[in-house]
Amino acid sequence: MKIKKLNLLNELELVSSGLSNREILEQSDSFVFVEGTLFTFNEEVSCRIDSCLEDLTAAVKAKPLLEVLRKMSEDEIEINFDDSEFRVRGKRREAGIRLEKDITLPIRTVEEAEEWNPLPDNFDQAVQLVAQCASDDQSQFHCTCIQITPNELQATDNFQLAQYKISVPVSNTTLVRRDSLKAIVDLGVDQISETENWLHFKNQNGLVVSCRKYEVGTFPDFSKVIEFEGDKTKLPTGISDAVKKAQIFSSENLDTDLILVELKSGKFRIRGEGSNGWFTEVRKVTYSGNDLSFRIAPKLLIQLCNQHDECELNKERIKVQFDNFTYVTTLNIVEENE
């Protein structure tokens, strides 16, 4: 059959967040086609969308298929398949990729959504901001998750926390893995549905992304941490370039991409450090308190300084609030002189 290459490639890329780099489940590193529907599933995230390959029921390895399609220059391609091979043909070129006719990916274990409700327009923004305060520390499960309540999103790594006030049409408070929820960002999802074990999100193209839910358990109560009063200090503006330079080195720390911020009398110093070097830059601020420091995700620091020009701090914590968003992090005493 002849199809538009971009139609197939777009479908595959839309469901890519449900893939696994390693085969966690059988065929979790594959695109699974079942009678006109395309699936991916990696235990935490399931994706599904209508496929232009209506007659195919098989699993095809994702990596070679994506790479072949991305490197083909043709607008229109020919797709053929038999019981063992998926073939892609262009002008004077052809590729064959092994397929599996037997579907072993447990896609039917994901409950299907029934009743859909609209998501607020700023849900994407809320996820992006809050997600930067979760962590990869698997020994503290709640730190790897975003807490979703009917009134807010929250996340913490036990040193910093973020809270975004937003009305979410869910019945109860639940946890979703940070990396699962980040999968919906930039996909244009505008509807949500809730089943026993999953939160489902849908966009206008019919893409459905399902994220596994978890019980709240020992997720901390933020209220006392957030509700404090302290001295107000102006944040520096126009620091994007400095932060991006610091991130050249901090991004080498894949699990903890954080930069160090030091507050000293009249000075706001940014430092990014990695295995191959470091970068530091100093900006002026109207601060005259004790020498303090904290660590923060680079993109979040840029957003905070761009959105608001003031923070509040005491001897233990610093807080930034704007619109519906609150960020709080633990402060440390700086012992070394500049």
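The largest pocket in this structure, which is a predicted model, has a volume of about 920 Å³. Its lining is made up of 33 residues, and those nearest its centre are Gln132, Ala134, Asp257, Leu258 and Ala297. Several elements give two or more residues to this lining: α3 (123-131), α4 (178-182), β21 (292-296), α7 and β24 (325-330). Which element gives the most? That is α7, with four residues.

Now for the second largest pocket, which holds about 480 Å³ of space. You can trace its lining through Ser17, Leu19, Ser20, Asn21, Arg22, Ile24, Asn42, Glu43, Glu44, Asp179, Lys182 and Ala183.

Let us return to α7, the helix that gives four residues to the lining of the largest pocket. Helix α7 (residues 298-307) packs with helix α6 (residues 240-250) at an angle of about 170 degrees, and their axes are 9 Å apart. Angles over 145 degrees count as roughly antiparallel, so α6 and α7 are roughly antiparallel to each other. On the α6 side, the contact is made by Ser240, Val243, Lys244, Gln247 and Ser250, while α7 brings Pro298, Leu301, Ile302 and Asn306. By class, the residues of this contact are four nonpolar, four polar and one charged.

Conventions:
Residues numbered from 1 in each chain as written. Predicted model: local features only at pLDDT ≥ 70, side-chain atom pairs only at ≥ 80, totals over all residues. Heavy atoms only, no water. Axes fitted to C-alpha atoms, helices over the stretch in contact; angles between N-to-C directions. Parallel < 35°, antiparallel > 145°, perpendicular 65-115°, else oblique. Contact = heavy atoms within 4.5 Å. Nonpolar A, V, L, I, M, F, W, Y, C, P; charged D, E, K, R; others polar. 1 Å grid on protein atoms, 1.4 Å probe; cavity = no way out; pocket = protein on both sides within 12 Å on 5 of 7 lines; lining within 4 Å. Points joined across faces, edges and corners; volume = space filled by probe spheres on them.
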